[in-house]
Amino acid sequence: MEEALTVVIDGTRPPSAETVQAVHAVCDAAEDRAGSGTLAVHVTGVPAEGWTTGLDVTKVSKWERALRRLERVPRATVAVATGDCGGAALDAFLACDIRVLTPGTRLLVPKDTTATWPGMAGYRLVQLAGPAPVRRALLFGQPIEAADALRTGLADELTDDPAGALAAAARLAGTLAGEEIAIRRQLHFDAATTSFEEALGAHLAACDRMLRTPAKAAS
């Protein structure tokens, strides 16, 4: 079984050029090392007061594009969250396929004296859990406790053995091709917002791709 690729996201720091580069670098490695395996994302920390000082929409946009690339990477992604997680840590956690919490972890939408941060974490929270369970977190910055995250589908597992959880995720991904996982992931994303007629073409194309694979291997 191939060793997992790993990136660490520190939520105490605002998205920066270094954070963006770290995500792109691990995605580059996943694309270069085609095949099976997992990409592990370790996240922890929440931003301190005044964390948006120095941020601008260009920096935020670059960070969101890096996260979108992580969501499309040709490899199963596994996030492990420890302690309070907000800001960039929350963003990266929500962008992964399998999301693991350690005991005592809380998910927080950062806020200042006027409002909560309106980044794409809010969008992903609603996509994963639905609007009602995350309303207080999005509007008022109320922490989402680990048990609630597990109950609403924001997390898949609560464990005091993150290494074991990563190993289990690697076994789950097994020998599944990373490129095929990326295709299934996109079909899953699209199913929530796409009509049957619009989705049919993409599903047929994926079926055709899979049916042609044995023929390619034999040629």
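**Exercise 1. Find which residues of α2 meet which residues of α8, and work out how the two helices are set.**

Step 1. Arg 68, Glu 71 and Arg 72 of α2 meet Ala 182, Arg 185, Gln 186 and Phe 189 of α8. Contact means heavy atoms within 4.5 Å. Helices are DSSP runs (H or I, at least four residues), strands likewise (E, at least two), numbered from the N terminus.

Step 2. Sort the contact residues by class: 2 are nonpolar, 1 is polar and 4 are charged. Ala, Val, Leu, Ile, Met, Phe, Trp, Tyr, Cys and Pro count as nonpolar, Asp, Glu, Lys and Arg as charged, and the others, Gly among them, as polar.

Step 3. Take the axes of α2 (residues 57-72) and α8 (residues 178-191): they come within 9 Å and cross at roughly 110°. Axes are lines fitted to C-alpha atoms, for helices over the stretch in contact, with angles from 0 to 180 degrees between N-to-C directions. The helices are therefore roughly perpendicular (65 to 115 degrees).

The model is predicted: local features need pLDDT of at least 70, side-chain atom pairs pLDDT 80 or more, while totals for chains, interfaces and linings use all residues. Residues are numbered from 1 along each chain as its sequence is written, and side-chain values use heavy atoms, without hydrogens or water.

**Exercise 2. Identify the residues that lie nearest the centre of the largest pocket, then describe its lining.**

Step 1. Glu 71, Leu 128, Arg 185, His 188 and Phe 189 lie nearest the centre, among 28 lining residues. A pocket is an open set of points on a 1 Å grid over the protein atoms alone, where a 1.4 Å probe fits, with protein on both sides within 12 Å along at least five of seven lines; lining residues have an atom within 4 Å of a point.

Step 2. α8 gives the largest share of the lining, 7 residues.

Step 3. By class, the lining has 15 nonpolar, 4 polar and 9 charged residues.

**Exercise 3. Locate the aromatic pair in the structure.**

Step 1. The whole structure holds 1 aromatic pair. Trp 51 and Trp 117 form it, edge-to-face, at 5.1 Å centre to centre and 70° between the planes. Rings of Phe, Tyr and Trp (its six-membered ring) pair with centres within 6.5 Å; planes over 60 degrees apart count as edge-to-face.

Step 2. Trp 51 also lies among the residues nearest the centre of the second largest pocket.

How values were computed
Parallel < 35°, antiparallel > 145°, perpendicular 65-115°, else oblique. Phe/Tyr/Trp six-rings, centres within 6.5 Å; stacked < 30°, edge-to-face > 60°.
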